[in-house]
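Please find below a colleague's note on the structure shown here. The points are meant to be read with the model open.

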Amino acid sequence: MHTAKKIIIGGGIGGAATAVALHRAGLDFRVYERSLQLREVGAGIALWANATHILKNLGLLDDAIQVGCLTTNYQFNSQRGKELVNIAVNSFELPVIGIHRAELHQLLWRNVPREKFILGETFERFERIGNQVCAYFKSGLSVTGDGLIGADGLRSRVRALLLGDQPPTYRNFKTWRGLTDYIPSRYRPGYVQEFLGRGQGFGFMMLGKEKMYWYAAACAPEAQPDAAIGRKKELEMMYQDWLPSIPELIAATEEANILTADLYDRAPIQLWSQQNITLLGDAAHPMLPTIGQGACTALEDAYVIAKCLQASDPITAFQHYESLRFGRTKAIVLQSLRSSKMGELTHPLAVGLRNTFMKVMSSPISNSFRSLHAYRA
Ligand SMILES: Cc1cc2nc3c(=O)[nH]c(=O)nc-3n(C[C@H](O)[C@H](O)[C@H](O)COP(=O)(O)OP(=O)(O)OC[C@H]3O[C@@H](n4cnc5c(N)ncnc54)[C@H](O)[C@@H]3O)c2cc1C
């Protein structure tokens with residue numbers, strides 16, 4: 001076993017999961033995170049079976065079930081609530097869990113010794129010295145290890161230095177996310193429900209502790225500022241004639257609990273490992289959240305990279321890791337992008353055709369999701 005230190009840049013879900021996986025594998029590492037506190041945004045995610053498989057192997061599944069909510073169905077509807085596709089996601093040997101991001105993040109961190117993560121350190125650059133890699137930080141700190149993993153997210157500094165490629169691509173969607181205690185009277189327990197309109201979408205699901213998490217997306221120019229009337233009022237107007245549960249959820253959410261983000265990805269054409277430096281999660285393969293796999297694939301990456309590092313030196317391990325992960329993540333990045341195209345349609349005729357298409361193709365659509373979730377890293 002190679003016990004020399006691995007340097008992980010970034011302590012988000014990908015970096016934290018890598019820390020747990022390396023710790024379980026008995027490898028030495030440190031995580032360097034620029035924030036002074038380990039925290040996640042107030043939003044939820046669905047951990048599909050491909051991700052709960054990783055939690056199970058890391059010994060965290062029971063704890064995740066405790067703080068999450070079991071999910072049974074993934075349902076797509078028209079904006080007024082006519083069912084188009086209903087996928088039973090509970091037919092695997094593993095559960096699907098709706099979970100608050102902060103709960104998942106804390107669960108990962110709780111299982112790593114405190115001294116393994118160094119907060120308030122912003123990575124600036126690396127240098128290879130023989131078989132070692134040295135990371136330099138804004139504070140003046142420098143650390144040496146035998147491998148470096150960039151888990152520093154969508155705008156990864158490690159990626160920029162390693163690959164020198166273009167910034168991520170804006171995909172014409174702005175999103176809003178909210179959390180509330182309000183449960184709509186027509187909510188179907190265990191369901192992730194999505195609603196597709198004209199250039200707009202909405203979805204909601206239950207997390208642990210009876211919290212409802214909702215998300216909205218609409219076509220918009222990049223970096224569009226909030227409307228003068230505020231986020232909540234803008235959303236209330238945008239969704240006023242949708243299924244009543246939707247405006248009810250918005251009305252029940254505090255303005256301060258509504259987050260916005262623009263959506264980006266990268267065309268999956270670039271390999272991401274070079275010698276003893278590699279990338280993971282959004283740094284490696286950022287994707288649109290349309291099929292909810294960004295954090296799930298970061299968990300898969302973490303588990304695979306630890307297995308590879310357990311078996312060989314970082315240079316061999318990172319090549320192997322990349323060869324195991326590139327095809328899988330490329331397919332998901334592309335599928336996420338295709339899904340966003342369906343949501344971009346605005347002409348009533350095109351929207352009607354899309355809805356009919358989804359209803360007719362319900363079975364192949366369900367099978368495609370099932371095969372995505374059936375993957376076991
Ligand atoms: C609107 C929206 C909804 C989403 N919904 C889902 C969903 O339902 N399901 C799902 O699976 N995924 C979802 N995702 C995707 C998911 O959030 C990401 O794929 C996931 O968070 C990626 O984790 P990461 O650790 O790779 O990156 P991040 O979470 O971005 O973490 C990167 C970390 O690196 C740190 N960092 C950055 N630069 C430096 C530096 N120079 N030095 C030190 N530290 C640094 C950051 O502070 C951060 O902590 C969604 C994304 C969005 C935008």
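**Notes on the model**

1. N172 is found in strand β13. The model under discussion is predicted, and the backbone at N172 deserves attention, since the residue is not a glycine and yet has a positive phi, near 70°. Most residues other than glycine have a negative phi. N172 counts as partly exposed because it has 18 C-beta neighbours inside 10 Å, whereas burial would require 20 or more.

2. A second residue with a positive phi is A223, where the angle is near 60°, again in a residue other than glycine. A223 sits in the loop between β16 (212-219) and α6 (231-238). Is A223 buried or exposed? A223 has 8 other C-beta atoms within 10 Å, and it is therefore exposed; the cut-off for that class is 12 or fewer.

3. The surroundings of the ligand form the next topic. The ligand is surrounded by 33 residues, and the closest of them are G10, G12, G153, G281 and G294. At least two residues of this shell come from each of α1 (13-24), β2 (29-33), β3 (44-47), β13 (169-180) and α8. Which element gives the most to the shell? Helix α8 does, with four residues. Sorted by class, the shell has 14 nonpolar, 13 polar and six charged residues.

4. Helix α8 also packs against other helices. Two packed helices are described by the angle between their axes and the distance between the axes. For helix α8 (residues 294-311) and helix α9 (residues 314-344), the angle is about 155° and the axes are 8 Å apart. Angles over 145 degrees count as roughly antiparallel, and α8 and α9 are therefore roughly antiparallel to each other. Their crossing is right-handed.

5. Which residues bring α8 and α9 into contact? On the α8 side they are T297, D301, V304, I305, C308, L309 and A311. On the α9 side they are P314, A317, H320, Y321, L324, R325, T329 and I332. By class, this contact of α8 with α9 has 10 nonpolar, three polar and two charged residues.

6. The contact of α8 with helix α2 (residues 49-57) has another geometry to describe. The axes of α2 and α8 come within 8 Å and cross at roughly 40°. Because of that angle, α2 and α8 are oblique to each other, and their crossing is left-handed. N50, A51, I54 and N57 in α2 meet C296, L299, E300 and Y303 in α8. The residues of this contact divide into five nonpolar, two polar and one charged.

7. A further helix pair is formed by α1 and helix α4 (residues 101-110), whose axes cross at roughly 30° and come within 8 Å. That angle makes α1 roughly parallel to α4, the limit for this description being under 35 degrees. The crossing of α1 and α4 is left-handed. From α1, the residues I13, A16, A17 and V20 meet L104, H105, L108 and W109 of α4. By class, the contact of α1 with α4 has seven nonpolar, one polar and no charged residues.

8. The spacing of these contact residues may be read with helix geometry in mind. An α-helix has 3.6 residues a turn, so residues three or four places apart point the same way. The buried residues of α4 are R101, E103, L104, H105, L107 and L108. These buried residues pack against α1, β3, α3 (61-67) and β7 (96-100).

9. Why does I8 count as buried? There are 29 other C-beta atoms within 10 Å of I8, and I8 is buried for that reason. Leaving aside residues up to four places away in sequence, I8 touches G15, T18, A19, F29, V31, I149 and A151. The C-alpha atoms of I8 and N73 are separated by 36 Å, with the two residues 65 residues apart along the chain.

10. S371 lies in helix α11 (residues 362-374). S371 counts as exposed because it has 9 C-beta neighbours inside 10 Å. Between the C-alpha atoms of S371 and E322, which are 49 residues apart along the chain, the separation is 21 Å.

Methods
Residues numbered from 1 in each chain as written. Predicted model: local features only at pLDDT ≥ 70, side-chain atom pairs only at ≥ 80, totals over all residues. Axes fitted to C-alpha atoms, helices over the stretch in contact; angles between N-to-C directions. Parallel < 35°, antiparallel > 145°, perpendicular 65-115°, else oblique. Left-handed = near helix turned anticlockwise from the far one by under 90°. Contact = placed C-beta atoms within 7 Å. Nonpolar A, V, L, I, M, F, W, Y, C, P; charged D, E, K, R; others polar. Near = placed C-beta within 6 Å.
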